[in-house]
Amino acid sequence: DRNTAQEHLPPQSDRDASEELRRLASITNVECMPAPDLGKTQHIVGYGSLMQEHSRTRTAPSAGPASPVLVNGYRRGWFAKGGSVGFDTTYLGVIPDAHSTVNAVLYRIRPDDLLATDQREYFYCRRLVNPSEITFLVNNGMAAQGQIWIYINKPESLAIPSARYPLVQSYIDIFVSGCLEIEQRHGLTGFAQHCLVTTTGWSSHWVNDRIYPRRPLTHQPRAHQIDKLLSENLPQYFRTIRLEAVN
């Protein structure tokens with residue numbers, strides 16, 4: 001039988017989820033954006049929007065090929081509250097968690113593009129990943145060496161989705177389409193589904209902000225694939241997605 005993402009997770013109230021995030025953040029002591037050792041090659045773990053090639057290379061044009069990996073010791077979830085003054089969204093983030101693993105991509109980056117990525121991910125902290133925490137899913141000759149970075153949540157940005165900071169379909173589309181790209185490029189059956197089941201914090205605070213949502217292929221070529229994955233793996237949330245109110 002096909003398992004849904006929520007069958008992998010214990011039920012939690014919003015209060016319990018928030019308290020657990022604060023507890024994990026309180027035991028994470030990390031320097032935010034430390035200076036890289038420029039004598040070593042630099043790599044980034046992309047686990048959200050950075051999984052999509054177009055999104056990744058928009059910030060880092062020189063980024064090397066993305067290799068699919070598993071990263072042990074981190075939990076991915078919808079708990080990065082946007083920083084806008086007005087209405088915003090809840091983004092993907094990760095927090096250290098010894099009992100969790102996420103699938104992601106690993107790619108080499110030049111120092112100037114590392115700085116550009118820092119500026120893009122300004123409400124996260126860049127943290128070193130131990131190469132022993134990386135497992136490659138394909139044998140493409142790439143090795144876990146040099147410095148490997150992952151962007152983790154700042155404690156003050158941790159918050160679960162809400163009516164003011166919902167999940168938004170346009171961002172989910174970038175994340176899931178990146179997972180589908182990797183799955184199809186490397187022939188990794190189930191990679192995109194694994195992106196969903198290793199992501200916590202899915203919520204009924206979810207709005208469809210696609211342009212012309214009744215004809216989504218106009219603006220999101222993978223709309224049917226994305227919606228099929230979401231409906232099969234997150235049926236209880238997929239049914240509650242609402243359209244953005246238009247005045």
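Q: What does buried mean here, in terms of relative accessible area?
A: Buried means under 20% relative accessible area, exposed means over 50%, and partly exposed lies in between, with a 1.4 Å probe and protein chains only.

Q: And how much of the protein chain counts as buried?
A: Of its 247 residues, 49%. This is a predicted model, where local features need pLDDT of at least 70, side-chain atom pairs count only at pLDDT 80 or more, and totals for chains, interfaces and linings use all residues. Residues are numbered from 1 along each chain as its sequence is written, and side-chain values use heavy atoms, leaving out hydrogens and water.

Q: How many helices and strands?
A: The protein chain has 7 helices and 10 strands. Both are DSSP runs numbered from the N terminus: helices are H or I with at least four residues, strands are E with at least two.

Q: Which strand is mostly covered?
A: Strand S6, residues 147-153, has 7 of its 7 residues buried.

Q: What is S6 joined to?
A: Strand S1 (residues 42-46) runs parallel to S6, with 3 bridges. Strand S4 (residues 124-128) runs antiparallel to S6 and is joined to it by 5 bridges. Two strands pair if DSSP finds at least two bridges between them.

Q: Which residues stand opposite each other there?
A: Ile44 is opposite Trp149 in S6, and Cys125 is opposite Ile152 in S6.

Q: Switching to rings. How many aromatic pairs?
A: The structure holds 8. Rings of Phe, Tyr and Trp (its six-membered ring) pair if their centres lie within 6.5 Å; planes under 30 degrees apart are stacked, over 60 edge-to-face, and the rest tilted.

Q: Why is the pair of Tyr122 and Phe123 edge-to-face?
A: Because their planes are at 90°, with the ring centres 5.2 Å apart.

Q: What about Phe123 and Tyr124, stacked or edge-to-face?
A: Stacked, because the planes are at 25°; the centres are 5.0 Å apart. Both residues are buried, and Phe123 has a relative accessible area of 16%.

Q: Which aromatic cluster do they belong to?
A: One that also includes Trp78, Tyr91, Tyr171 and Trp202.

Q: Which charges sit over rings?
A: Arg56 lies over the face of Tyr107, 5.3 Å from the ring centre. The charged end of Lys81 sits over the ring of Tyr165, 5.3 Å from its centre. The criterion is NZ of Lys or CZ of Arg within 6 Å of the ring centre and within 35 degrees of the ring normal.
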